[in-house]
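Please load the model in your viewer and keep the sequence panel beside it. The tour below goes from one selection to the next and says what is there at each stop.

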Amino acid sequence: MVNRNLHNVEMETLASLSKRRGFVFQSSEVYGGVGSVWDYGPVGVELKRNVKEAWWRSMVREREDIVGIDAAILMHSEVWAASGHVDSFSDPLVECRVCHRRFRADELDTPACAQCGGELTEPRQFNLMFETNMGPVKTSSSVTYLRPETAQGIFVNFVNVQSTSRKKLPFGIAQIGKSFRNEITPGNFTYRTREFEQMEMEYFCREGEDEELHRYWIEFSMDWYRGLGLRPGKLRVREHNADELPHYSKASADVEFEFPWGWGELETISNRTDFDLKAHAARSGKDLSYFDEERRERYVPFVVEPAMGADRSVLAFLADAYDAEGEGKERRVVLRFHPDIAPYELAVLPLSRNEKLAPTARRVHDAVRSLFRSQYDETQSIGRRYRRQDEIGTALCVTVDFDTVEKDDAVTIRNRDTMAQVRVPIERLPAAIEDQLDRMRRDCRA
Ligand code: GAP
């Protein structure tokens, strides 16, 4: 069992570690940066891919009732009129008459400007969709939008997917992809941004089964986060009040995580009823119903939607994994990721940059790199390399030393969490790594 210090990390600490170690960089930094858009670096992209992969595995690969799609970001502008986003996807915006800062009226603590105390304008509805034009000529009919949610690509493909996959209700369609919202008050690092990635699944069912399925998907999500190591005490479910429900929802609940600044939403699980399919059927004139062979009747299904943010999940995993121990020279920062999402499962390190060690270390790396997500690291002293690997959350370090080459053809495996080291023959290395990773997986869930 790992004894965690359970540090409450500050957001600035995470942001600076992210930059220093290659998790996240500000977009267009050389031009002074662009507001609330972020780029993932070499280590961050591995972490994010692992999180998305874990979601895809649990939603699509390991289930028979869910299939995936990858719809385009640009869609017919009628989609957004039918879905209600043109009319209803807006936040109330107020502006300070003195300093011209803008705020969301529903997030204000005081009736005056929080920046300079100036008088605020009356709220006006500000649509969050990014508008763009399709084709070479800008006219009112060329206007469309960058999608603000991936879900609509699923609804308009409902018949295509159902007829080609031959799925019977209840079944789901999952998708991971970019969404865009022109947020009035983005912030908190990658928590609220203008370009982000969503992991959404629409689970179609008969009316009457929707409420039980809503509860099922809330529990499923909580299990998913806990299974990947988020501490249970940092997670909670919050039901929406009637006045905060999205325009398409009969009931919604958020899975929230306790971020350094307080509780924040990771995911919303909504009961969208038959709102979207009916809206698209009405506007497009196409039949988007389902024929229930068992009941011998045709109807428009209901849908329950777990809608997760990939970037927010990554931020939660990052904040929860952060740990620091020791003081001064002994100080160690370590990201205690679940091994399934850690950027690297292992790193192979020659003890020093001695030419005697390199061929064996390369041979060891070649033996494991197709089996595990691994990195070869030979720059700087071994102590510094251990620190670096701890700071990016690499689960295990495999060290090749002079005994390996001259004596025993064995290597040392160092465990990130306990720093315990064991010596294993190279021929047994893959099995020994698997064994240690399994133990770390169990510890993460304990
Ligand atoms: N299809 C339903 C839907 O989009 P949502 O609650 O608006 O529901 C789902 O968004 C998830 O997408 C959120 O819980 C959050 O994790 C993520 N998300 C939404 N807006 C975001 C933003 N501006 N920046 C980062 N993530 C965002």
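Select strand β4 (residues 90-95) together with β5, which pair in the antiparallel sense over three bridges; two strands are taken to pair if DSSP finds at least two bridges between them. Within this pairing, Val94 has Phe103 in β5 as its bridge partner. Before going further, note that this is a predicted model, in which local features need pLDDT of at least 70 and side-chain atom pairs count only at pLDDT 80 or more, while totals for chains, interfaces and linings use all residues. Residues are numbered from 1 along each chain as its sequence is written, and side-chain values use heavy atoms, with hydrogens and water left out. The element names follow DSSP runs, numbered from the N terminus, with helices being H or I of at least four residues and strands E of at least two.

Strands of a sheet pair through backbone hydrogen bonds, either parallel or antiparallel.

**The whole chain**

The C-alpha atoms fill a box of roughly 75 × 65 × 50 Å, taken along the principal axes. Of the 446 residues, 53% count as buried, a term that stands for under 20% relative accessible area, with exposed meaning over 50% and partly exposed in between (1.4 Å probe, protein chains only). Among contacts between residues at least 6 apart in sequence, 66% join residues at least 24 apart; contact here means heavy atoms within 4.5 Å.

Select residues 310-321, which make up helix α9; its 12 residues reach 16 Å from the first C-alpha to the last, close to the 16 Å expected at 1.5 Å a residue, the expected span being 1.5 Å times one less than the number of residues. Because 12 of the 12 residues of α9 are buried, the helix is largely enclosed by the rest of the structure.

Then bring in helix α1 (residues 11-21), whose axis comes within 11 Å of that of α9 and crosses it at roughly 105°. That makes α1 roughly perpendicular to α9, a label used for angles of 65 to 115 degrees, whereas those under 35 count as roughly parallel, those over 145 as roughly antiparallel and the rest as oblique. To see the contact, show the side chains of Met11, Leu14 and Ser18 on α1 and of Leu315, Leu318 and Ala319 on α9. By class, the contact of α1 with α9 has five nonpolar, one polar and no charged residues, with Ala, Val, Leu, Ile, Met, Phe, Trp, Tyr, Cys and Pro counted as nonpolar, Asp, Glu, Lys and Arg as charged, and the others, Gly among them, as polar.

**A hairpin**

Move along to strand β17 (residues 322-325) and strand β18 (residues 332-335), which pair in the antiparallel sense over four bridges. Glu325 has Arg332 in β18 as its bridge partner. The two strands, β17 and β18, form a hairpin with six residues between them, and Gly326 in the turn has a positive phi of about 75°.

**Backbone stops in the loops**

Most residues other than glycine have a negative phi, and most peptide bonds are trans. Select Ser36, in the loop between β1 (24-26) and β2 (38-40), where phi is near 55°, a positive value in a residue other than glycine; at 14% relative accessibility, Ser36 counts as buried. Asn188, in the loop between β9 and β10 (195-205), likewise has a positive phi, of about 60°, although it is not a glycine, and Asn188 is partly exposed at 36% relative accessible area.

Finish at Pro170, in the loop between α6 (158-165) and β9 (171-180), where the peptide bond from Leu169 to Pro170 is cis, with omega near -10°. Leu169 is buried, with a relative accessible area of 15%. Not counting residues up to four places away in sequence, Leu169 touches Phe204, Cys205, Arg206, Tyr290, Tyr299 and Pro301. The C-alpha atoms of Leu169 and Pro301, 132 residues apart along the chain, are separated by 8.3 Å.

Definitions and conventions: Axes fitted to C-alpha atoms, helices over the stretch in contact; angles between N-to-C directions.
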